[in-house]
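Could you walk me through this structure in plain words? I'm new to it and would like a short tour.

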Amino acid sequence: MKIKLKKGLDLKIAGGVKTTAVRDVDVKVFAVSPDDFPGFKPKVDVKEGDSVMAGAPIMHDKKNEDVKLVAPVSGTIKAVVRGERRKVIRIEIEKSDNQMSRRFDICDNLDGSDAMRLLAESGLLAEVRQRPYDIVPSPEVSPRDIFVTAIDSAPLAVSPEMAVADKVKQIEAAVRLLSTICKGKIYISVRPDSILPAITGAERVEIEGPHPAGNPGIQAANIAPVNKGETIWTLDIVTLARIGELAVNGQRDFSTIVAVTGPEVGEPCMLKTFEGAAVAPLLKAASLRQTSHHIRVISGNVLSGVATSPDDYLHFPYHQLTVIAEGDDKTEFMGWASLSPSKASVSPTFPGHFSGKAFTPDARLNGGRRAMIMSGEYDRVMPMDILPEYLLKAIISRNIESMEKLGIYEVAPEDFAVAEYVDTSKLPLQQIVREGLDYLRDALE
């Protein structure tokens with residue numbers, strides 16, 4: 001299958017990785033944050049000072065106790081950090097010198113219920129997303145189809161295929177395992193020039209087009225959209241390879257390659273570590289530029305990533321850190337209305353629209369929030385067969401019937417990231433969609 005998407009937007013930002021070399025980095029402390037897993041209501045299974053091995057459960061879901069979050073490394077529980085009303089913010093683990101990994105019982109003839117139980121117990125089910133609602137899947141519901149993306153089209157992202165180039169055996173094993181759970185097809189979306197070979201048991205989809213073409217939800221919407229009463233799963237090729245590693249060897253693979261990028265990074269690079277790594281050692285390895293202005297560290301990309309700090313940890317599901325200027329201490333003539341050719345804009349009103357160079361953006365909003373302008377600007381960058389402006393208005397007004405008719409079951413917050421960037425009303429579209437999905441789930445379940 002071949003799909004060519006015309007809608008979308010590729011941002012040209014300075015600070016991309018220019019080498020394929022991957023360096024190891026020494027990180028001592030790691031963390032797991034339950035907020036990174038929408039729909040997961042954590043119950044802590046460990047306490048400070050406990051020793052854990054990689055793959056051991058540290059939290060479980062209050063609603064589905066079989067669904068676990070597990071330790072990415074073996075070591076000692078350093079802290080269980082809580083916020084207001086004792087909300088679990090994260091669990092920090094200090095890595096030990098000798099790494100030990102939990103082994104899971106794997107048999108040759110797993111049926112669907114056994115495979116689902118294995119994914120839930122190993123923490124891998126929590127790394128998959130279910131639509132509708134864009135949440136951790138329920139182990140009680142089998143998906144109609146599964147959509148895997150081997151594309152990361154976000155700004156400054158590197159191809160996830162680099163991390164799985166030598167794991168074809170594991171990917172095929174994962175497809176066999178998931179086929180016992182999935183009622184329909186497993187789709188793997190790649191670029192036309194992909195180095196990934198055809199995978200037995202999965203349907204290969206070649207996708208062309210600008211961001212957000214790499215989002216699995218966008219791919220699902222253009223292959224086989226989800227309808228009311230149906231459930232699909234979405235995940236990336238790295239998670240698929242991890243499922244295969246579990247199926248082949250009975251152990252979890254928590255290693256990850258993190259791209260440290262952005263205009264404020266002196267040496268954009270790729271670093272090998274484990275999930276949930278502390279941010280500070282990664283930034284140190286990439287040599288941030290010596291500047292006097294404030295910077296913003298983003299776990300993920302500039303469009304849909306999570307603003308963090310050098311004292312925080314890498315958030316799931318991101319394999320990228322982006323560092324840009326904060327902009328709160330910057331002054332310029334005419335402010336957001338400046339006609340400087342160094343200012344990026346999607347509007348032909350600004351000279352920077354016609355520049356082919358890479359820009360160095362900052363985190364300023366560049367304008368005030370105002371009423372939604374029904375101009376069709378969202379439609380120009382969203383390659384989905386929905387009416388995004390009307391859907392957003394239905395979400396804001398909490399009109400469930402209109403939300404369902406306008407395609408709420410198909411979308412996730414990340415699908416609106418580019419629309420949020422081009423929005424002249426400066427509305428927090430991703431936040432609106434997340435709140436709408438949570439409201440709909442609470443109302444219907």
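Predicted model: local features only at pLDDT ≥ 70, side-chain atom pairs only at ≥ 80, totals over all residues.

Residues are numbered from 1 along each chain as its sequence is written, and side-chain values use heavy atoms, with hydrogens and water left out.

Let's start with the backbone. Most peptide bonds are trans, and most residues other than glycine have a negative phi. Arg-131 and Pro-132, though, are joined by a cis peptide bond with omega about 15°. Pro-132 sits in the loop between strand 10 (129–131) and strand 11 (145–149); strands here are DSSP runs of E with at least two residues, helices are runs of H or I with at least four, and both are numbered from the N terminus. Asp-134, in the loop between strand 10 and strand 11, has a positive phi of about 55° without being a glycine. Asp-134 is also buried, at 13% relative accessible area (buried means under 20%, exposed over 50% and partly exposed in between, with a 1.4 Å probe and protein chains only).

Now for the aromatic rings. Rings of Phe, Tyr and Trp (its six-membered ring) pair if their centres lie within 6.5 Å; planes under 30 degrees apart count as stacked, over 60 as edge-to-face and the rest as tilted. That rule gives 4 aromatic pairs. One of them is Phe-37 with Phe-316: the centres are 5.2 Å apart and the planes at 15°, so the pair is stacked. Phe-37 lies in the loop between strand 3 (29–32) and strand 4 (42–44), and Phe-316 in the loop between strand 18 (306–308) and strand 19 (320–325), so this pair ties together parts 279 residues apart in sequence. Both Phe-37 and Phe-316 are buried. In another pair, Tyr-133 and Tyr-409 have ring centres 6.4 Å apart and planes at 70°, so they meet edge-to-face. Tyr-133 belongs to the loop between strand 10 and strand 11, and Tyr-409 to the loop between helix 8 (400–405) and helix 9, so the parts tied together are 276 residues apart in sequence. Tyr-133 is buried at 7% relative accessible area, and Tyr-409 counts as buried at 6%.

Arg-398 and Tyr-439 make a contact of another kind. The charged end of Arg-398 sits over the ring of Tyr-439, 5.1 Å from its centre (the rule asks for NZ of Lys or CZ of Arg within 6 Å of the ring centre and within 35 degrees of the ring normal).
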